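I set out below what I looked up in this structure, entry by entry.

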Amino acid sequence: QVHLVESGGGLVQAGGSLRLSCAASGSIFSINVMGWYRQAPGKQRELVADTTKTGSTNYADSVKGRFTISRDNAKNTVYLQMSSLKPEDTAVYYCRAAVATVLASGYYWGQGTQVTVSS
């Protein structure tokens, strides 16, 4: 079993900052890609940013220059530092990880954390 637990969401004014964390636990052999997705009401879930275990990163155009993804491989944790937040960043943010266990490999999702940006 693998579990991803997100934290750090909340309500913030436009222009403010938040830091999200996602910790993976369980029978983990290795984790390759870890990333953040978001889903706003009435919209499809979309990639925000992801990072490989070697540190390569990828960002959605809408967050480039404002959000920074990082990870601590020793803690199986990924972070998302969000700055200059806009009302359109309001969504439920989900963590996803590509995890290899001793039995199988697959993608795992967290339960999501709400981010609300007020204008």
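Where is the place of leucine 103? I found leucine 103 in the loop between S9 and strand S10 (105-109). I worked on a predicted model, in which local features need pLDDT of at least 70, side-chain atom pairs count only at pLDDT 80 or more, and totals for chains, interfaces and linings use all residues. Residues are numbered from 1 along each chain as its sequence is written, and side-chain values use heavy atoms, with hydrogens and water left out. Strands (E, at least two residues) and helices (H or I, at least four) are DSSP runs, numbered from the N terminus.

**Entry: surface around leucine 103**

I noted leucine 103 as exposed, at 80% relative accessibility. Buried stands for under 20% relative accessible area, exposed for over 50%, and partly exposed for values in between (1.4 Å probe, protein chains only). Together with Phe29 and Val102, Leu103 forms a nonpolar patch on the surface, with about 440 Å² of accessible area in total. Patch residues have over 30% relative accessible area and no salt bridge; nonpolar side chains (Val, Leu, Ile, Met, Phe, Trp, Tyr) are joined within 5 Å, like charges within 9 Å. Accessible areas come from the Shrake-Rupley method with a 1.4 Å probe, and for residues only the protein chains shown count as cover.

**Entry: serine 27**

I located serine 27 in the loop between S3 and S4, partly exposed with a relative accessible area of 43%. Not counting residues up to four places away in sequence, serine 27 touches Gln1, Ala100, Thr101 and Val102; contact means heavy atoms within 4.5 Å. The C-alpha atoms of serine 27 and valine 99 lie 9.5 Å apart, although 72 residues separate the two along the chain.

**Entry: the disulfide**

I found one disulfide, defined as a pair of cysteine sulfur atoms within 2.5 Å. Cysteine 22 and cysteine 95 form it, with their sulfur atoms 2.1 Å apart. The pair links distant parts of the chain, 73 residues apart: cysteine 22 lies in strand S3 (residues 18-26) and cysteine 95 in strand S9 (residues 91-100). The link of cysteine 22 and cysteine 95 is left-handed, with -80° about the S-S bond. Both cysteine 22 and cysteine 95 are buried.

**Entry: salt bridges**

I recorded four salt bridges, each a side-chain nitrogen of Lys or Arg within 4 Å of a carboxyl oxygen of Asp or Glu. Arginine 38 and aspartate 89 meet at 2.9 Å, N to O. This pair links distant parts of the chain, from strand S4 (residues 30-39) to the loop between strand S8 (77-82) and S9, 51 residues apart. Arginine 38 is buried at 6% relative accessibility, and aspartate 89 is buried at 1%.

Aspartate 89 also meets arginine 66, at 2.7 Å, N to O. Arginine 66 is buried as well. I noted that Arg38, Glu46, Arg66 and Asp89 are linked in a network of salt bridges. Aspartate 61 pairs with lysine 64 at 3.1 Å, N to O; aspartate 61 is exposed, with a relative accessible area of 65%.

**Entry: the nonpolar core**

Which residues touch the most other members of the largest nonpolar core? Among its 29 residues, I listed Trp36, Val48, Phe67, Leu80, Met82 and Tyr93. A nonpolar core is a set of buried Ala, Val, Leu, Ile, Met, Phe, Trp, Tyr and Cys residues joined through side-chain atoms within 4.5 Å. S9 gives the most to this core, with five residues. Leaving aside neighbours within four places in sequence, methionine 82 is in contact with residues including Leu18, Leu20, Phe67, Tyr93 and Val115.
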